[in-house]
Amino acid sequence: MNRERSRDLYDRALSVLPGGVNSAVRAAPQPYPTFIERGDGGHVVDTDGNRLVDWVMGLGPMLMGHDMPDSVRAAIQSHASEGPMYGMPTEVEVEHAEFVCRHVPSVEMLRFVNSGTEATVSAVRLARAVTERNKIVVMQGGYHGAQESTLVEGDVDHPRPSTSGIPQSFAKHTLPVPFNDETAMHEVFEAHGDDIAGVLIEPVQANMGIVTPEAGYHEAVADLCDEHGALLVWDEVITGFRVGGPQCAQGKYGVDPDISTFGKIIGGGYPVGAIGGKTEYIEQFAPSGDVFQAGTFSGHPVTMAAGLETLRFCAEEGVHDHVNDLGRQLREGLTEVVADQAPGYTVTGLDSMFKLVFTRADGSPQSECCANGCRQDPSCDRYDACPKRGTDTTRAATDRYARIFRPRMREEGVLVSQNQYECNFVSWGHTAEDVERTLEAYKNCL
Ligand code: PMP
């Protein structure tokens, strides 16, 4: 496969962009990333003219794939050519907010921002303001964007910044605990309950090879938050309008968070984030409340139009049925391939997300687990094999994924996510043929 132009662009980029990219994960895979020229349905065409089946899908936002329905395209074009922004309110942001409030069970009011990171920054500030407490509980291995309160690793007793540039004195306010571990959650509330402002948690850990919640776990966390006066903050930046359809993961799991963060899909492919939840909390943002929050581009008309029309199309056209069905076919097919050619590897995911996690260093057999559809059901005969914590994935052969797997899949004409941790996403633009071709590619690579 000719890739000269990607290589040349990367060489040029290395002189003017740190690491040659504008977001850290994009530099993988080495020796140089694939530069994209355009998208087409479930495919992308790279700058060398190679057509590739694309399961990266913008790292989540592109639920529709790369071809927009006419209604989305028309709304974007009219808003893009009419301004495109004013620093004053517009009708489309009201309509978008009304749509989200109508569909997402816990959301009565929301504030739009420009990224998932901005959303979690503001959600943390709001939880601290509402409770007048400092500490935030997060999940080990979780990701909530590039922000000071959550780029923290270690454990409750020894939290430390996971990047340089964050003072240790910030990290001490963040308490990382293992996902799916009720005992650990009880313990952190016992030790720090009076100072915990909130628990910031993804309903499904989607940045760590995809870890699904065990039955009863989220309910237990919600109860503990209630008991101790802490806010339950669900980060639905990835799961929002993907897992559980228009009601999001909170509709699927029947949990009622106090605050939720959104991003990705709600902007229809344009930069977006949002913090939504109960009026009594969200109203505390300025100007109705005293928690400062603002942004020049927030509620940008083009983004609002793209997001709203995308969500409307999804609700009316059975998009989630299509993507979930292909997701199931991928997980089932991959499970067969893995059982045959690489027993010990793990197929994870749910709805329209899938991932192949490489053999764990401890060698425990994990294949087939999630394709059974059990999703952490103890009565499933593969229950023990399901990854339970985000950190399980760090014990996988992540270097093998980076060195061999992704470049090989690309040679087969299939783009999968950049590293062992990020999900693969199914879109409305994908077809059963893309699934078959992808399974064939996995077969050849494994
Ligand atoms: N929260 C979660 C769960 C995410 O997966 C991400 C990004 N993948 C973010 C927050 C940050 O979003 P953004 O990259 O738009 O800032």
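Helix α4, which spans residues 116-131, contributes the most to the shell around the ligand, giving three residues to it. The structure is a predicted model, and its chain is assigned two domains, with domain 1 covering 4-67 + 319-445 and domain 2 covering 70-317.

**Ligand surroundings**

- The ligand is surrounded by 15 residues, among which Ser 115, Gly 116, Thr 117, Gly 145 and Val 237 are the closest.
- By residue class, the shell around the ligand consists of eight polar, five nonpolar and two charged residues.

**Domains and their contact**

- The C-alpha centres of domain 1 and domain 2 are 24 Å apart, and the contact between the two involves 31 residues of domain 1 and 32 residues of domain 2.
- On the side of domain 1 that touches domain 2, the elements giving two or more residues are the helix α11 (319-341) and the strands β13 (346-350) and β14 (353-357).
- That side of domain 1 divides into twelve nonpolar, twelve polar and seven charged residues.

**Nonpolar core**

- The largest nonpolar core comprises 115 residues, and those with the most contacts inside it are Leu 63, Ala 127, Val 199, Leu 231, Val 233 and Ala 274.
- Because domain 1 (4-67 + 319-445) and domain 2 (70-317) both give residues to this core, it lies between them.
- When neighbours within four places in sequence are left aside, Ala 127 is in contact with Ile 136, Ala 197, Gly 198, Leu 231, Val 233 and Ile 259.

Note on methods: Residues are numbered from 1 along each chain as its sequence is written. This is a predicted model: local features need pLDDT of at least 70, side-chain atom pairs count only at pLDDT 80 or more; totals for chains, interfaces and linings use all residues. A residue is near a molecule or strand if its C-beta atom, placed from the backbone, lies within 6 Å of it. Helices (H or I, at least four residues) and strands (E, at least two) are DSSP runs, numbered from the N terminus. Ala, Val, Leu, Ile, Met, Phe, Trp, Tyr, Cys and Pro count as nonpolar, Asp, Glu, Lys and Arg as charged, and the others, Gly among them, as polar. Domain bounds come from an automatic or database domain assignment. Two residues are in contact if their C-beta atoms, placed from the backbone, lie within 7 Å. A nonpolar core is a set of buried Ala, Val, Leu, Ile, Met, Phe, Trp, Tyr and Cys residues joined through C-beta atoms within 7 Å. A residue is buried if 20 or more other C-beta atoms lie within 10 Å of its own, exposed if 12 or fewer, and partly exposed in between; C-beta atoms are placed from the backbone.
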